[in-house]
Amino acid sequence: MTTLMFILGIVVFAVGLLVSIAWHELGHLSTAKLFGIRVPQYMVGFGPTVWSRRKGETEYGIKAVPLGGYIRMIGMFPPDDQGRVSARSTSPWRGMIEDARSAAFEELEAGDETRMFYTRKPWKRVIVMFAGPFMNLVLAVALFFTVLMGFGIQQQTTTVASVSPCVISQSENRDSCKKSDPASPAQAAGMQKRDRIVSFDGRPTENWNTLSDLIRDSAGKTVPIVVERDGKQLTLHAKIATNLVAKKDSSGTYVQGKYVKAGFLGFSSATGVVKLDFGDSVTWMTDRVGDAVDSLAALPGKIPALWDAAFGDGPREPDSPMGIVGAARITGDIATLDIPASQQVAMFVMLLAGFNLSLFLFNMLPLLPLDGGHIAGALWESLRRNLARILRRPDPGPFDVAKLMPVAYVVAGIFVCFTILVLIADVVNPVKIS
């Protein structure tokens, strides 16, 4: 049964992946057609075609390898200075440019002269190329809202899980009290397990972050604490101690190995599934976008540890880069967890939302062959045309993005090597969920 559920989890992820890719390409397709660009193909996947059907001027289909997708637009690159589209140079770098230019004019038909991608104004090309990643962002936000406001996420709550008998610096690696350790304020005030803290120093405490900040800011003060116990509210009084506690960043996340002096009450909070309201959901998603941007920027620095995890004895860090195979294994593991089905669904949806967010950010990098590279090319063309108009110089014409194809091949080669490294690590030393 466990094996069956694991396979089912992988199948569900594969379907979610295909939907995300199709949704991305739908953004490109719909805006291209809106601006009158002819689109001969809309494909989900790569490799041999499994199924296809022609509707109007576009062939829609699914290919065998679900690792991406594409739409083919007529005239992605402009002709060269002599108006040629298929001349072939003996130079390998020029050859790349001319191959790309020639491919851009494949399937050119009568009447397509005014329906080519490069003939559209830069702002329209920006919209067409941005629409794909934007669709992933829209899907990510929708999925995040579904989980945060519909299912809820595991969070620390204001319910007491245990009371510390004494004050121990969080930087010390011990659990037992010494005779010299003072009693914790929570213990001295009579706080008990399962108490739910309703207010602290007269201020309501609806979530853990609010309560934690209030405690940290009250060092040395004696404060009233209202708790709910067995359906009744009681008021306790505690003198908040000063202790060395874990540092928190601006988003409320604990910074590993960093400590600060702050107020200390002395209890452990229980965790539970908490539904967030709209405002808290927006804040949570904003923090996650910031984390994702930081992770993307830190990606090159994680390659040595990833190499060691794949080919050496190094551990696979929880924040290590993970590919499609690793994500599929995670969804398989989620399907086998002994937790309520609603939480399994929530974890899967959250993973799919994170995948779409990463797809958005990755595709916005201003590098060919990514969408961001084409956006950068269109913006550069707009800038130099506007400058020429202001300076009363001749129109320089469309910017030839095909000239950047040698760089695109190098970038694509780096991406392929990185993808292979992540794939090997996902197979031999996968990231595991706790």
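A residue is called buried when its relative accessible area is under 20%, exposed when it is over 50%, and partly exposed in between (1.4 Å probe, protein chains only). This is a predicted model, in which local features need pLDDT of at least 70 and side-chain atom pairs count only at pLDDT 80 or more, while totals for chains, interfaces and linings use all residues. Residues are numbered from 1 along each chain as its sequence is written, and side-chain values use heavy atoms, with hydrogens and water left out.

**View 1. Arginine 194 is a residue other than glycine with a positive phi.** Arginine 194 sits in the loop between H4 and S4, where helices (H or I, at least four residues) and strands (E, at least two) are DSSP runs numbered from the N terminus. Its phi is near 80°, and arginine 194 counts as exposed because its relative accessibility is 63%. Most residues other than glycine have a negative phi. Aspartate 230, which is not a glycine either, has a positive phi of about 55°. Aspartate 230 belongs to the loop between S6 and strand S7 (232-239), and it is classed as exposed because its relative accessibility is 76%.

View 2. A salt bridge is a side-chain nitrogen of Lys or Arg within 4 Å of a carboxyl oxygen of Asp or Glu, and the structure holds 10 of them. Are arginine 229 and aspartate 195 buried or exposed? Both arginine 229 and aspartate 195 are buried.

**View 3. Arginine 385 and aspartate 395 form a salt bridge.** The closest N and O atoms of this pair are 3.0 Å apart. Arginine 385 is in helix H10 and aspartate 395 is in the loop between H10 and H11, so the pair ties together parts that are 10 residues apart in sequence. Arginine 385 is partly exposed, with a relative accessible area of 26%, whereas aspartate 395 is exposed, at 55%. Arg385 and Asp395 are linked with Arg125 and Glu381 in a network of salt bridges.

**View 4. Trp380, Leu383, Leu387, Ile390 and Leu391 make a nonpolar surface patch.** Patches are made of residues with over 30% relative accessible area and no salt bridge, like charges being joined within 9 Å and nonpolar side chains (Val, Leu, Ile, Met, Phe, Trp, Tyr) within 5 Å. The patch covers about 520 Å², with accessible areas from the Shrake-Rupley method (1.4 Å probe), counting for residues only the protein chains shown as cover. One of its members, leucine 391, lies in the loop between H10 and H11.

**View 5. The largest nonpolar core has 49 residues.** A nonpolar core is a set of buried Ala, Val, Leu, Ile, Met, Phe, Trp, Tyr and Cys residues joined through side-chain atoms within 4.5 Å. Met73, Val128, Phe144 and Trp284 have the most contacts inside the largest core. Several elements supply at least two residues each, including S1, helix H1 (2-34), helix H3 (122-151) and helix H6 (278-297). H3 gives the largest share, 10 residues. Beyond its neighbours within four places in sequence, phenylalanine 144 is in contact (heavy atoms within 4.5 Å) with Trp284, Met285, Met350, Ala353, Gly354 and Leu357. Another core, of 18 residues, lies apart from this one, and among its members are Ala189, Met191, Ile197 and Ile215.

**View 6. Valine 44 is a buried residue of strand S1 (residues 41-55).** Valine 44 counts as buried because its relative accessibility is 6%. Its contacts beyond four places in sequence include Leu18, Ile21, Ala22 and Ile62. The C-alpha atoms of valine 44 and tryptophan 23 are 9.6 Å apart, although 21 residues separate the two along the chain.

**View 7. Helix H1 is shown with glycine 36, which comes just after it.** The expected span of a helix is 1.5 Å times one less than its number of residues. The 33 residues of H1 should therefore span 48 Å, and this agrees with its end C-alpha atoms, which are 48 Å apart. Glycine 36 takes a positive phi of about 75°.
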